[in-house]
Amino acid sequence: MLLIKLAGIILVVISSGFYGFYHIQKIKFHISDLQQISDALEILNSEIKFGTTPLTEATKNICRRSKFFVKELFFKINKLLGDKKICASEIWQQSINNIHANSNKNFLDRDDILLINLFASVITSPDPDLQIKCLNKIETGLQKKILILEKQYQHEKKLYYNLGFLFGLLVITIFI
Amino acid sequence: MLKKALSDEFFKNITEIRLRITRPIIIKQQKSEFSINNNDNNNNALTKNISDGYIVSKRDLDETFELITNYSPYAFQNEIKNGFITVTGGHRVGLCGETVIQDNKIKTIKNICSINFRVAHQIKNCAQSIIKFITKPVVSGLLDSDKKKSSNILNTIIISPPNCGKTTILRDLIRILSDTGCTISVIDERSELGGCYMGVPQNDLGMRVDILDGCPKALGMMTALRSMSPEIIAVDEIGSIDDALAILNISACGVKIICTAHGNDLEQIKNRDAIKVLMSKKIFERYIFLDENNIGTIKNIYDYNLQKCC
């Protein structure tokens, strides 16, 4: 009986501790996702600014150089551009919104999606300066968000680690 | 929609397709105009009554523009500045809309309100009858000659008003001469000769042609002279003093020139500064005038002394 109680105590402490760890790691994953999308947009920016590479080629290049959900995102954009069935702004919006729908694969939130979707309004503008400025704005926005999240991570890291463990102890104390 | 409405035979004869915002779509053939019937019951049949035609919306124009530019108008900045884009097949798409001006120059065109598809038609062998007039009479046939092929070619200018076939004849001349052994550099400022799309010529200009696409004529002639060691330089629609100076330079270097210019008759072109300079230096050995009433046919040919030779 004591052995079962002991196993239960350990299980509760580990799982609550792990929850605290996961909660804080979510911020880390969010930062990583934002960094990945920011890097991809930076490549797109360079492709437009220096290479004047057509979107179909540019998205293919980004797809080749990215990982995980960003690779999937630009693969989808590239495929839809190739299909030529809907306009480019719809393709961009549809694909970006789809990331949010597949939230099990990434940690981006609604605000990030709204920010990235800004590019949809200028995607087929004949003035490249407008596109470059818009991409710069999005990248700056993403970097600001990364900074905020990093601060939050540093600030809450100890709190959530301890909070998870202490919550486990609380549960044990109540039940004992 | 167009694919449904047009048979292959009909499509072959199309010269232009015009899309104008809130106006009916117009499909032009050599001597007639059609539109796509707006009535759904007619299954998009063609109509000669243009006012019954399908009305082009802003969305139609925007989507057409996106497709023409492959969703990437920024990749066609220089072309858009000049008011046209060349698409696969060498067809030219003219654009009109709201111009954005920077430093007194067109930066770009936005809010596209008119799109004009000019369907490219390469007519092979249309210049066959001209060859004998632009080669030296001592040579019986270019292919039989043991001499350097280009040395038999005379500096030639083809002159006519717009839409009389100058460019089509020049394009075919280039193809014939190139296939007979002459190395030709083509300065294709407006992508009309080669119809290059993404660097790939869409028209057949023969086996020995180097195309400098989208390059200003005067600059292009000098660049080609230095870099491609051409025997002949071909250029469409000369007109500026810079063009004339470049032609003087290249002819002094022993390179032959074949070009076109706008004009009606000898008297008229004598008043054009650039051509006057070239005439005074007797650069051109053949002046070929095309008939404005009969597209692609020769009206008169003059030699370097402006004596009629045909």
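**Helix, sheet and interface**

I began with helix H3 (residues 58-68) of chain B in this predicted model.

In chain B, seven strands form an open sheet in the order E4-E3-E2-E1-E7-E6-E5, with antiparallel pairing. Its edges are strand E4 (46-47) and strand E5 (84-86) of chain B, each of which pairs on one side only.

Strand E3 (residues 33-36) of chain B is joined to E4(B) by two bridges, and the two run antiparallel. Across from Ile36(B) I found Leu46(B), in E4(B).

Then I turned to the interface. I have 22 residues of chain A in contact with 17 residues of chain B. The chains bury about 1500 Å² between them, with 58% of it on carbon and sulfur atoms. Of the area that chain A buries against chain B, 36% comes from Lys84(A), Thr124(A) and Pro126(A), more than from any other three residues.

Which side chains meet in a salt bridge at 3.4 Å, N to O? I found Glu90(A) and Arg59(B). The count between chain A and chain B is three salt bridges, and eleven residue pairs are in polar contact. On the side of chain A that touches chain B, helix H2 (55-65), helix H4 (88-101) and helix H6 (128-175) of chain A each give two or more residues. I sorted the residues of that side into eleven nonpolar, six polar and five charged.

Note on methods:
Residues numbered from 1 in each chain as written. Chains lettered and ligands numbered in written order. Predicted model: local features only at pLDDT ≥ 70, side-chain atom pairs only at ≥ 80, totals over all residues. Heavy atoms only, no water. Pairing = 2+ DSSP bridges. Helix = DSSP H or I, 4+ residues; strand = E, 2+ residues; numbered from the N terminus. Contact = heavy atoms within 4.5 Å. Axes fitted to C-alpha atoms, helices over the stretch in contact; angles between N-to-C directions. Buried area = accessible area lost by both parts, 1.4 Å probe. Salt bridge = Lys/Arg side-chain N within 4 Å of Asp/Glu carboxyl O. Polar contact = N/O pair within 3.5 Å; in protein donor to acceptor, adjacent residues only side chain to side chain. Nonpolar A, V, L, I, M, F, W, Y, C, P; charged D, E, K, R; others polar.
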